[in-house]
Structures are given as C-alpha cells and as structure tokens.
There are 2 protein chains.
Amino acid sequence: MSKPVLHSYFRSSTSYRVRIALEMKGITYQYRAHHLREGEHRQAGYLAVNPQGLVPALVWSNGTMISQSLAIIEYIDEMVSKPALLPKDAAGRARVRMLSQMIACDIHPLNNLRVLDALRERFGAGDSAVASWFRHWVHETFEPLERMLRESEDTGKFCHGDEPGMADICLAAQVTNNKRFHVEMDAYPTINRISAACFKLEAFQKAAPENQPDAE
Amino acid sequence: MSKPVLHSYFRSSTSYRVRIALEMKGITYQYRAHHLREGEHRQAGYLAVNPQGLVPALVWSNGTMISQSLAIIEYIDEMVSKPALLPKDAAGRARVRMLSQMIACDIHPLNNLRVLDALRERFGAGDSAVASWFRHWVHETFEPLERMLRESEDTGKFCHGDEPGMADICLAAQVTNNKRFHVEMDAYPTINRISAACFKLEAFQKAAPENQPDAE
C-alpha cells in the first residue's frame, strides 16, 4: 500500500482522531494541511477531492476518498487488524460505537468552527456566549458519559477493557478540544483517568495538534 | 430472542432510522414512546435506562442497552444478517458509513429539538431564524451529498447499489424531517429519486412517524 494522503488541520478534533488511528496502526501517510480559519478547505482544488469541503479526508493510492472520521477509522481498522480499535464481539462493538457517537454526534458537531461562526453571524453571539454554548454541549454529554463509564464492568483502563480503541480516540480528542474553552473537568474523574492514560501513549502524542506540521 | 424494547418518539428522525432497520430485518419489538416536547425522556425512570436521556435506545432482553442510532443499526445488522444494511466489502462499508455520517454528524445534530430550543433560549431566535438555521445545515450537506451520489458509479437505485441500506435509512429519515421546515428540494434530483424509492418500501412506510402509536 503506497502512502495515503490525509487532508487535515492541526486543531481539528476529527482530524486528530484519524491521526491517532493511523499512528496506532503504524500507517505512514502524507500530511496535507488546510487552514480552516483562512477557508483553504472551501477552495475548488480541495472541493474536487472532498465535495463536502471538510477535514479530515483520507485519499488512498487508488484514488478512493473517505471522509467522516469514524468511517475512516473503521476502514483503517478493517484494513490493518492490529491493534484492534473495536472489540471482537458484537455487543462490545455496539458499546464502543455508542460511546464514540455520543461524542461524534452529540458534542463535536455542535461545537466545531463552522457552527460557532454561524452563531456569531446569525445571532451576534460574542466570545462569552460562544464559550458557554461550547461548554453546555460538552457537559450535556460528559455527565451521562462519565456515569456510563463509571458504572459499567466493561470499562477498564480504557473505555472498553484495558486496550485503547475508537471510543478512547474520540474521548481524548474531545478532552483536548475542551481545553481551548476551559471546560471545568472536576466532575469527570473516570473520563480524566482514561484520557490521561491515552495521553501517555506515543500514538496520541505524535498525533496531537501541537505536533503537526501546520501547528501555530 | 425475546422482544427488545425500543424507546422512541414518533417524530424523532433518529428513532425513525432504527424503526426502519428493525422493520427491514423483521425484528418485532415493543414500542415505548417518550414525548420529547413534554420532557418525558428527562425523567428519572428513563434516565435509569439511558443516562443520556435521548431517544432512540434499544434494550435487549438480557438488559443490554444500546443508544445512538448508527450503533444500534450496525448491531442489528450484525445480529440478523439479511437483508444486509452494509456492503460486504470494506470500501463499500466505508462509503456507506461516510454517507450515513454526513447526515448523522453534519445535519441532524444541529437540527434536533434540543438544539433548536437552545437557539431560542440563548439567542432569542424566533420561528423564522430557527427554520433558516435548519435549512442552512441541510443544504450545506445535501449539496455535496447530491454531487457525491450523482457522480459515483457505486450509486444505483439506492445510495449504494440496488438494495436499500444504512445510508438510505439516514437519507429517507432526513428527507422526511425536512418537510417540517419546508426545505426546497429541487436541487437534489438524485436524493429525491433515492428517497422516493425508499418510501415505496413497506419497512419505511411501517416505520414512518405518522404510523407510530404516539403519532399526533
């Protein structure tokens, strides 16, 4: 397999998820940065690659483009089996997908750049209102997520057992994102414990926003 | 397998997705309605089932609870193999997950009831501003989605080939949801063709909002 191209932005939480998965699997890739703040992802060249104009997108050597971070991660997991990012059993896979989608559907889509910009443009939201909006949706999901992780016997050192997987990838990327908006994390000891375990891993460190070529 | 319990709300687009999948697979289930407008999903009894307090959630006879519609659908697909809701090949699965997540991550989370209510409460958004917000995020994704469906050889009678699957489920539920906000659909002939094919199928009809016990 020749090197796939990852279209990314260092600060993009969803790009971070895919970078972690690539690092965990030991897949080397070409990094192509798109500066979201300057609208580079909405230019014709990139729209020809990914019509949605969002990052991340992963383009394989045969030309296949996959966008949407969880779709990319599941594809990577099916292509390179070890280390497994989803459990072997159907119930375990369902739990990991559920935990992942709690973050990927119920937090991140409400808090990404294009949405925060829309709040400013459409409703005149200022920095304080935008930050309050961001934190609100994190807490709405982190409260039940903390409880579900704390109360389940399936939770181990990581979200599902003692090895990191797709849910941990989503969790760590969200916890990283939260720091930009100073989200109070004291109420989430289990989330803090698991994300701390993630941040000790080389794959999560290599993939971190501050270690990307386009980091500011 | 004794009957699973589906926690649902007739008008919830994500509940609709799961109902379609259950009907397609011929899985009979108990229907438990939660009236979102009256906050029934945020009461202690339901929070003990699903700490997130959202619908849908599917509870199996062994007590296993799965929330998040795409996680539920993939679990159903793994438990009951026919008809398949995802393709057999990894690239096909990635494409179907990508198309599904374009709707499930980039449209629906921005347009569900709790978010529209938050726009009213936090920013004083009125009916017109809320409807404009809803339509904006639909068009932002439907424009590239239309192009991706139209230009791909993988698209057939349905989103991926000639049999309906997970992407069609997401698409049809979103098209149904759009009607409440009068989304202009003339620019989306491929989406219209595929959703019309879906609405002819018995599973999609049985699962439709207006055919649920709690329909108003």
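A residue is described here as buried when its relative accessible area is under 20%, as exposed when that value is over 50%, and as partly exposed in between, with a 1.4 Å probe and protein chains only. The structure is a predicted model, in which local features need pLDDT of at least 70 and side-chain atom pairs count only at pLDDT 80 or more, while totals for chains, interfaces and linings use all residues. Residues are numbered from 1 along each chain as its sequence is written, chains are lettered from A and ligands numbered from 1 in the order in which they are written, and side-chain values use heavy atoms, with hydrogens and water left out. Helices (H or I, at least four residues) and strands (E, at least two) are DSSP runs that are numbered from the N terminus.

In helix 3 of chain A, the residues Ser69(A), Leu70(A), Ala71(A), Ile72(A), Ile73(A), Glu74(A), Tyr75(A), Ile76(A) and Asp77(A) are buried. This helix is thus mostly covered, with nine of its eleven residues buried. Where contact means heavy atoms within 4.5 Å, the buried residues of helix 3 of chain A pack against helix 1, strand 3 (57-59), strand 4 (65-67), helix 4 (90-106) and helix 8 (166-179) of chain A, together with helix 4 (90-106) of chain B.

Within chain A, the axes of helix 1 (residues 13-25) and helix 3 (residues 69-79) come within 9 Å and cross at roughly 5°; such axes are lines fitted to C-alpha atoms, for helices over the stretch in contact, and angles run from 0 to 180 degrees between N-to-C directions. Helix 1 of chain A and helix 3 of chain A are therefore roughly parallel to each other, given that angles under 35 degrees count as roughly parallel, those over 145 as roughly antiparallel, those from 65 to 115 as roughly perpendicular and the rest as oblique. On the side of helix 1 of chain A, the contact involves Thr14(A), Arg17(A), Val18(A), Ala21(A), Leu22(A) and Lys25(A), which meet Ser69(A), Ile72(A), Ile73(A), Ile76(A) and Asp77(A) in helix 3 of chain A. The residues of this contact divide into six nonpolar, two polar and three charged, where Ala, Val, Leu, Ile, Met, Phe, Trp, Tyr, Cys and Pro count as nonpolar, Asp, Glu, Lys and Arg as charged, and the others, Gly among them, as polar.

Between the chains, the axes of helix 3 of chain A and helix 4 of chain B come within 8 Å and cross at roughly 165°, which makes helix 3 of chain A roughly antiparallel to helix 4 of chain B. The contact is made by Leu70(A), Ala71(A), Glu74(A), Tyr75(A), Glu78(A) and Met79(A) of helix 3 of chain A, and by Ala90(B), Ala91(B), Arg93(B), Ala94(B), Arg97(B), Met98(B) and Gln101(B) of helix 4 of chain B. Here the residues divide into eight nonpolar, one polar and four charged.

The sheet of chain A is open and consists of four strands in the order 2-1-3-4, with mixed pairing; two strands pair if DSSP finds at least two bridges between them. Its edge strands are strand 2 and strand 4 of chain A, each of which pairs on one side only, and neighbouring strands of this sheet are turned by 20° against each other on average, direction ignored. Four bridges join strand 1 of chain A to strand 2 (residues 30-33) of chain A, and these two strands run parallel, with Gln30(A) in strand 2 as the bridge partner of Val5(A). By contrast, strand 3 and strand 4 of chain A run antiparallel and are joined by three bridges, and Ala57(A) stands opposite Ser67(A) in strand 4 of chain A. Helix 1 of chain A packs on the sheet, where it touches strand 1, strand 2 and strand 3 of chain A, and its direction makes about 150° with that of strand 1 of chain A. Helix 3 of chain A lies across strand 3 and strand 4 of chain A, running at about 125° to strand 4 of chain A. From strand 1 (residues 5-8) of chain A, Val5(A) and His7(A) point one way and Leu6(A) and Ser8(A) the other way, and all are buried.
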